[in-house]
Amino acid sequence: MNARYLVVAGAVAMSTIACGYSSKTATDYDRSICFTHYHSFSIVKGNSSGNPMMDQRALSDVVSALTSKGWIEVPAGDAQAAVVVHSTTKTKHTYETLYDGWGGGWGWRRGWGRGFGGSTTFVNDYKVGTLVVDIFDANTKQAIDKMFSNFPPGSAMAKGH
C-alpha cells in the first residue's frame, strides 16, 4: 500500500514540475536599436483570441509590465512606441486509457473463464495559448517598413525598382 502512495505522490510531483516548464518564451529584437530612448507607448489593437476576458487580461499584463519598467501609456499620437498585443488559442487533446484487469471468473459481460479485461478511454481537451507582443517605433514605423521591404516576394518593388 505504501508503494502505491509513493507512485501517486511521484506522479503528482512530476505533473507539477512539468506545468512549470510548459510555458515557453522567446524574444527577438533589432539589436541596433537603443531602447533607452523610448519612454512612452500606446496600444494598437491586435488579433483577438476569441475570448474577450483573456484578451483584456493579456493587454493589462503587458501594460503593467511596460509601466513597471518606467514606460508611460499615452494617446497614440503622443507615443514613441506602438505596442500590438496578439493572442490566439488552440484546443489540444490528451487521451487516457484505464484498464480494469485481465478478467477471469464469473462477471457481467465476461461469462465463465479467463478473458481480457475492459478498458475505457477518456479524452481531455485543453487550450494552448500564444501571446505575441510587437513593439515598434510609432513615428518611423521602422519595423513595419522592414517587414514589408521584400513583399511580395519576386516583385519589382521588392527588388528596389
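Colleague: What joins β1 to β3, and do the two run parallel or antiparallel?

Modeller: This is a predicted model. In it, five bridges join β1 to β3, and the two strands run parallel. Pairing needs at least two bridges, so β1 and β3 count as a pair. At one point along them, phenylalanine 41 stands opposite alanine 81 in β3.

Colleague: How do you know that β1 also pairs with β2?

Modeller: Two bridges join β1, residues 40-45, to β2. The cut-off is at least two, so this pair meets it. These strands run parallel, and phenylalanine 41 stands opposite glutamate 73 in β2.

Colleague: How many bridges join β3 to β4, and which way do these strands run?

Modeller: There are 19 bridges between β3 and β4, and the strands run antiparallel. Tyrosine 99, for instance, stands opposite serine 119 in β4.

Colleague: Why is serine 40 called buried?

Modeller: Its relative accessible area is 10%. Buried means under 20%, so serine 40 qualifies. Serine 40 is part of strand β1. Beyond its neighbours within four places in sequence, serine 40 is in contact with Trp71, Ile72, Val74, Asp78, Ala79, Gln80 and Ala81.

Colleague: What lies 3.0 Å from a polar atom of the side chain of serine 40?

Modeller: That is the backbone nitrogen of glutamine 80. The limit for a polar contact is within 3.5 Å, and the distance of 3.0 Å falls inside it.

Colleague: Is aspartate 137 buried or exposed, and how do you know?

Modeller: Its relative accessibility is 16%. This is under the 20% limit, so aspartate 137 counts as buried. Aspartate 137 belongs to strand β4.

Colleague: What does the side chain of aspartate 137 join?

Modeller: A polar contact of 2.7 Å links it to the side chain of tyrosine 38. A polar atom of the aspartate 137 side chain also lies 3.0 Å from the backbone nitrogen of threonine 140. Another residue to look for is isoleucine 33: its C-alpha is 9.9 Å from that of aspartate 137, though the two are 104 residues apart in sequence.

Colleague: Which residues make up the largest nonpolar core?

Modeller: The core has nine residues: Tyr38, Phe41, Val62, Val63, Leu66, Trp71, Ala81, Val83 and Val85. Two elements, α2 and β3, each give two or more residues to it. In soluble globular proteins, nonpolar side chains tend to be buried together.

Colleague: What does valine 85 touch?

Modeller: Not counting residues up to four places away in sequence, valine 85 touches Val44, Gly46, Asn47, Leu59, Val62, Leu131 and Val132.

Colleague: What makes the link between histidine 86 and aspartate 134 a polar contact?

Modeller: The two side chains make their contact at 3.3 Å, and the limit is within 3.5 Å. Histidine 86 is in strand β3. With residues up to four places away left out, histidine 86 touches Gly46, Asn47, Thr130, Leu131, Val132 and Asp134.

Colleague: Where is asparagine 47?

Modeller: Asparagine 47 sits in the loop between β1 and α2. Apart from neighbours within four places in sequence, asparagine 47 is in contact with Val85, His86 and Ser87. Threonine 88 is 41 residues from asparagine 47 in sequence, with 7.5 Å between their C-alpha atoms.

Colleague: How much of the protein is made up of buried residues?

Modeller: Buried residues are 16% of the 161 residues. The protein exposes about 13000 Å², of which carbon and sulfur atoms supply 59%. Among contacts with a separation of 6 or more, 72% come from residues 24 or more positions apart.

Definitions and conventions
Residues numbered from 1 in each chain as written. Predicted model: local features only at pLDDT ≥ 70, side-chain atom pairs only at ≥ 80, totals over all residues. Heavy atoms only, no water. Helix = DSSP H or I, 4+ residues; strand = E, 2+ residues; numbered from the N terminus. Buried < 20%, exposed > 50% of the residue type's maximum accessible area, 1.4 Å probe, protein only. Polar contact = N/O pair within 3.5 Å; in protein donor to acceptor, adjacent residues only side chain to side chain. Contact = heavy atoms within 4.5 Å. Core = buried A, V, L, I, M, F, W, Y, C linked by side-chain atoms within 4.5 Å. Areas by Shrake-Rupley, 256 points an atom, 1.4 Å probe, with all protein chains shown as cover.
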